Amino acid sequence: METREPAPGRTPGPAEPRLETIVAALNSTWFGAGLPPGTQARLAAMGHIEHVPAGTVLLREGEIAEDFGLLLAGRVALRLLVPERGMVTILTVEPGDIIGWSAIVPPHRSTSTVVAIEPAEVLMLDGAELRAALRADHALAATLYPRVLQAVGRRLNATRLQLLDLFARDELARGEALRAW
Amino acid sequence: MVSPTTGGAGRAAGTGPEPGQARGSARFLARDELQRLIDLLHEDGRQVIGPTVADGAIVLDRIDSVADLPAGWGALQAPGRFTLVRRDDERLFEYNVGPMSWKRYTFPATAPLTTVRGSADEVTYEPAPREIPKLAFLGVRACEIAGILVQDRVLLGGPFIDEDYRDRRAAALIIAVQCTTAASTCFCSSMGTGPEVRGGHDLVLTELDDGFVVEPGSAAGRALLERLPTVPATADQVADVVGAVSAARLAMGTGVATVGLKDRLLAQLEHPRWAEVAERCLTCTNCTLVCPTCFCTSVVQRSELVGTASGSVRAWDSCFNPGFARVAGGNFRSRPRDRYRQWLTHKFATWVDQFGTFGCVGCGRCITWCPVGIDVREELAAIAPPIAPRITPPSPEPVAATPTEFASARVAATHPETADTTTLVLGETELPLLATKPGQFVMVTLPAFPRLPISVSRVRPDGIELTIRAAGPATKALTELKPGALLGIRGPLGVGWPVDRAVGRDVVIVTGGIGLAPLRPLIDTILADRERFGAVRIYYGARTRRDMLYTGELAAWAARPDVDLQLTVDRGDPEWLGRVGVVTHLFDQATWEGSKAVAFVCGPERMMQATVGALIDRGMHSDRIFLTLERHMECGIGLCGHCQMGRYFVCKDGPVFSLAQLGDSFGREGV
């Protein structure tokens, strides 16, 4: 966080919430719940909670992802810019899920623009600290990376289904479209 | 037997019918010749058991002549009441059933099993000697044959069998009598066991004023019939038989609503009515003793006074007896309410899981012979009432049931849903279409276009709705119909959503695109009876916000506090502030528990596969996940072969299936 300019409209979160508050926040997410208490405490030490209004751009496509975020409340959209179509929402992220996973996966550039479409509450983990901890502590890495892969894999799977564009074709099997064959 | 439903007359032997003579094997036995039947049975070495009047009731006993039969007697039956009445005719079988069932002869109240002899040197176990009399049962009613067949399934269905029962069954000839009257306690028609005799008999008689129409049901019965002094039954006599049995059917009340009963009943194990009925129940065991299917027994030991031998005897027991479920540490069913619930849920629910049929045949004995008049029909209706059809159907027969026949229906109104999807409201609909169950479909045709299967998307008091997406020329033509237009229609067809399976459970509905259409009647039904279900969660995905159907209703459902509606789209746009992503993301990280829930899923097959995976991850059971499949259908009634999939015809056996039914054929490539 400290290396980045605050985005327009962003209000700074309350200074240094208690570690217990952050551990409780971790436990409220499917990503963070069930992590070993030691791991939760380490993550809490590198985190802070931010409240952002609707419209806040949390991350821009192609920029370095400084923080690894866990959405605690609200809804954020992952958007890609398509020339002449503007910003296209590919996916919305709901509370419990992660944003900014690029912060711990090289080359650390965000794969989409992340915009809060509702007032949102995000637990931000400092990317530099987290990367250093993951490099130094293999047990931490072995605990955290499977969860990151699970979250990213879930999105990959969903994106494949969206790619199939199933609802555009769902009457094909009803009869006459197949009759010609 | 002579019945329009059995086609018994179609098994004619060779020659065509004479004028004025019925087709088939129906014969007429004059009343005066009935003694000849009894004599023939005696000649064959059989003892005849049949109805006779004793102790103020019609009981079963040895019959030596026609004079032993209850000529001119009838019976008034009501809950807790059996009264003999004198009739003004001399008919022999114009009543229904008395307190005794035939299990007294096939499965006696006591039967010796083993004799144990002991001495200082050894202990021996010898099977008790058994003497199996050759019997003929005279006057077995349709419900009673059904009771015998239920006991056959229990005691002979394997893997272990009751040898005593097997031998007694094999030694008994069954001469059935069709009921031409019905007591107030009778409900065989609702249990599907009568009043027509449909099998399991050797010979069947139907009584007319001057004699009996007789038909064989087995080779032994045919041989016996050939020895009887009969003449071919006339067409009038056969018609009289059909009319008399139909009259008995019509005389019965609504009985028990059996469709979905098992699930409805098992969902109500904590219903307060169990305690209420137990206040009346004396746990006297009468109902189980008179029941033709109850088979529970205990083994009692009888020792000789000298102490060197003891015999074990199997004796009827009853789940109402206080000691029935007792173990050393206590009693699993110590309260009468536990025992009543055990009995009723076994008869009407868990029996189905164990033996594939209900344990009740609708004879009504447990009602008549209950000293306090508890009526199982009333208890079932109070504890597990059927899900009320939103429209009461006048007839269950589909409109135009053959592939060649179409009825015509008129478009009363049209509602555009999306750019390519329209809902047609069909009025002037023939009445059976109003009986469409949620999830059923109709075959629709327009001149010069192929016929198409279309799910019914709403059943209204005055018609049905079809929601159609223009995906090809025929569907395009349908979506372009204007009010007043006529189209051809057949239906309702197929098996719909098993809404009863969801009574008392949480409901999860997952759908995408136009898949909401076949689910809308289900949602209508659930919301009309909302308190009978647990949490209701609806997850709906569409390509874009403009592809969502029924947007007004979606808003109304979303506003209800007792419905959790979640929407998502595959493609967002700047005006859509809802969720973007696949429908499984609406619940794959939810916190609700799926192990007790029932899911109904409709959408493109690939979407249903992803959904099923996510539902199973939530702990859902494959037996409680229901899908509706889409296949090429032309006839809609399992004759044309297009929709065959493994052992199913999707049109006839589906389109709704449980995931467990489909097994690993669901989602398999090229199936």
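Strand 1 (residues 27-30) and strand 11 (residues 211-216) of chain B pair in the antiparallel sense over 4 bridges. Strands, like helices, are DSSP runs numbered from the N terminus (strands E, at least two residues; helices H or I, at least four). Two strands count as paired if DSSP finds at least two bridges between them. B:F28 stands opposite B:V213 in strand 11 of chain B. The model is predicted: local features need pLDDT of at least 70, side-chain atom pairs count only at pLDDT 80 or more, and totals for chains, interfaces and linings use all residues. Residues are numbered from 1 along each chain as its sequence is written, while chains are lettered from A and ligands numbered from 1 in the order in which they are written.

Axes are lines fitted to C-alpha atoms, for helices over the stretch in contact, and angles run from 0 to 180 degrees between N-to-C directions.

B:V177 is found in strand 9 (residues 172-177) of chain B. B:V177 counts as buried because it has 24 C-beta neighbours inside 10 Å. The cut-offs are 20 or more other C-beta atoms within 10 Å for buried, 12 or fewer for exposed, and partly exposed in between, with C-beta atoms placed from the backbone. Leaving aside neighbours within four places in sequence, B:V177 is in contact with B:F93, B:G139, B:V140, B:R141, B:L205 and B:E207. A contact requires C-beta atoms, placed from the backbone, to lie within 7 Å. The C-alpha atoms of B:V177 and B:A477 are separated by 57 Å, at 300 residues apart along the chain.

Strand 14 (residues 309-316) of chain B has two antiparallel pairings described here. One is with strand 6 (residues 110-118) of chain B, over 7 bridges. In this pairing, B:A309 is the bridge partner of B:R117. Strand 13 (residues 297-303) of chain B also pairs with strand 14 over 7 bridges, in the antiparallel sense. Here B:R314 is the bridge partner of B:V299. The hairpin of strands 13 and 14 of chain B has 5 residues between the strands, and B:G307 takes a positive phi near 85°.

In chain B, 6 strands also close into a barrel, in the order 17-18-21-20-19-22 with antiparallel pairing. Neighbouring strands of this sheet are turned by 45° against each other on average, direction ignored. Strand 20 (residues 452-460) and strand 21 (residues 463-469) of chain B pair in the antiparallel sense over 4 bridges. B:V459 stands opposite B:I464 in strand 21 of chain B. Helix 15 (residues 516-528) of chain B packs on the sheet and touches strands 20 and 21; its direction makes about 25° with that of strand 20 of chain B.

Overall, chain B has 19 helices and 31 strands. Buried residues make up 45% of its 671 residues. Of the contacts in chain B with a separation of 6 or more, 72% join residues 24 or more positions apart.

In chain A, the axes of helix 1 (residues 19-27) and helix 2 (residues 37-45) come within 9 Å and cross at roughly 115°. The contact is made by A:L19, A:I22, A:V23 and A:L26 of helix 1 and A:Q40, A:A41, A:L43, A:A44 and A:A45 of helix 2 of chain A.

The contact between the chains takes 26 residues from chain A and 30 residues from chain B. Strand 5 (86-93), helix 4 (138-164) and helix 5 (176-179) of chain A each give two or more residues to the side touching chain B.

Technical notes: Contact = placed C-beta atoms within 7 Å.
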